[in-house]
Amino acid sequence: LYGAMVIAAEKSKFQRGRATSKARTCRETGITISGEEIIEDLYNSKMQLIPFAISPLGLFGPTMNRFLYGKTIDSNNIHNINATTFPHALKMANRASSDEVPSNILERANDIWRRQHPTENFDLSYKSPNPSTYYTQQFGRDICFATGSASLEAISLLGDGPLIKSSRNNTCYNDALNLFTNCTDTNAFRRINEGNAESSQPTMLTHVSTYAHSPDNLTP
């Protein structure tokens, strides 16, 4: 059900470094500690690591899916963490899918909202009637924006645009020029190149004002 990419991304968060014996020393503090020792300290302190792994196409990792939507994680060691070399990483990963860690928090937020505000929409709009819908909309928009920005930045590095592997495609019509062109010979690609020449800084997400209620104000 889950792609190997998101499984590997989650594993890299739990299983940090190459074992306890591969510790590194911080040049500023002089402290020597390994990634596994950090995970051990977090685990023993009752602090839980919940990695949010998202594939380029928007597929969520199993740990994130369970936390947000209550999806069941079938395997006890879906990340294939070596119990001998990384015992605490395995414990941390297993606890992430146990009853000790909340799951399906968005549905719980919906229940709380309906109980406290039975006649009020969460975002003061029928388009976002509850916390789950609002979160999904906002998070989906941010993922699409980030993915699209990365794609446009990659295209801009190609200079004159992607290399054409086939002959001219006459089905691509450019309204601005009022003539048939190749799919890559359009105003969109030219604007990308012009924008890249004006500024080498990557596109950053900006704050968008909203009338939505803060989830922090919801109390069970």
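**Exercise 1. Which residues in α1 and α3 meet?**

Solution. This is a predicted model, in which local features need pLDDT of at least 70, side-chain atom pairs count only at pLDDT 80 or more, and totals for chains, interfaces and linings use all residues. Residues are numbered from 1 along each chain as its sequence is written, and side-chain values use heavy atoms, with hydrogens and water left out.

Step 1. Helices are DSSP runs of H or I with at least four residues, strands are runs of E with at least two, and both are numbered from the N terminus. Helix α1 spans residues 4-14, and α3 spans 62-69.

Step 2. Contact means heavy atoms within 4.5 Å. On the α1 side, Ile-7, Glu-10 and Phe-14 take part, and they meet Pro-62, Thr-63 and Met-64 of α3.

Step 3. Sort these residues by type. Ala, Val, Leu, Ile, Met, Phe, Trp, Tyr, Cys and Pro count as nonpolar, Asp, Glu, Lys and Arg as charged, and the others, Gly among them, as polar. The contact of α1 with α3 has 4 nonpolar residues, 1 polar and 1 charged.

**Exercise 2. Find how the axes of α1 and α3 are placed.**

Solution. Step 1. Axes are lines fitted to C-alpha atoms, for helices over the stretch in contact, and angles run from 0 to 180 degrees between N-to-C directions. The axes of α1 and α3 come within 8 Å and cross at roughly 90 degrees.

Step 1. Angles under 35 degrees count as roughly parallel, over 145 as roughly antiparallel, 65 to 115 as roughly perpendicular and the rest as oblique. The two helices, α1 and α3, are therefore roughly perpendicular to each other.

**Exercise 3. Determine which residues of α1 are buried and where they lie around the helix.**

Solution. Step 1. Buried means under 20% relative accessible area, exposed over 50%, and partly exposed in between (1.4 Å probe, protein chains only). In α1, Val-6, Ile-7, Glu-10 and Phe-14 are buried.

Step 2. The buried residues of α1 pack against α2 (35-44), α3 and α4.

**Exercise 4. Describe the largest nonpolar core and the part α4 has in it.**

Solution. Step 1. A nonpolar core is a set of buried Ala, Val, Leu, Ile, Met, Phe, Trp, Tyr and Cys residues joined through side-chain atoms within 4.5 Å. The largest one has 9 residues: Phe-14, Ile-39, Ile-81, Phe-86, Ala-89, Leu-90, Met-92, Ala-93 and Ala-96.

Step 1. Helix α4 (residues 87-96) gives the most to this core, with 5 residues. A second, separate core has 6 residues, including Met-64, Phe-67, Leu-106 and Ile-143.

Step 2. In α4, 7 of the 10 residues are buried, and the helix is mostly covered. The buried ones are His-88, Ala-89, Leu-90, Met-92, Ala-93, Arg-95 and Ala-96, and they pack against α1, α2 and α3.

Step 3. Apart from neighbours within four places in sequence, Ile-81 is in contact with Lys-11, Phe-14, Gln-15, Phe-86, Ala-89, Leu-90 and Ala-93.

**Exercise 5. Examine the positive phi values of Lys-46 and Leu-124.**

Solution. Step 1. Most residues other than glycine have a negative phi.

Step 1. Lys-46 is not a glycine, yet it has a positive phi of about 65 degrees. Lys-46 sits in the loop between α2 and α3 and is exposed, with a relative accessible area of 66%.

Step 2. For Leu-124, also a residue other than glycine, phi is near 55 degrees. Leu-124 lies in the loop between α5 and α6 and counts as exposed at 53% relative accessibility.

**Exercise 6. State the overall make-up of the chain.**

Solution. Step 1. The chain has 7 helices and 4 strands, in the order α-β-β-α-α-α-α-α-β-β-α along the sequence.

Step 1. Of its 220 residues, 27% count as buried.
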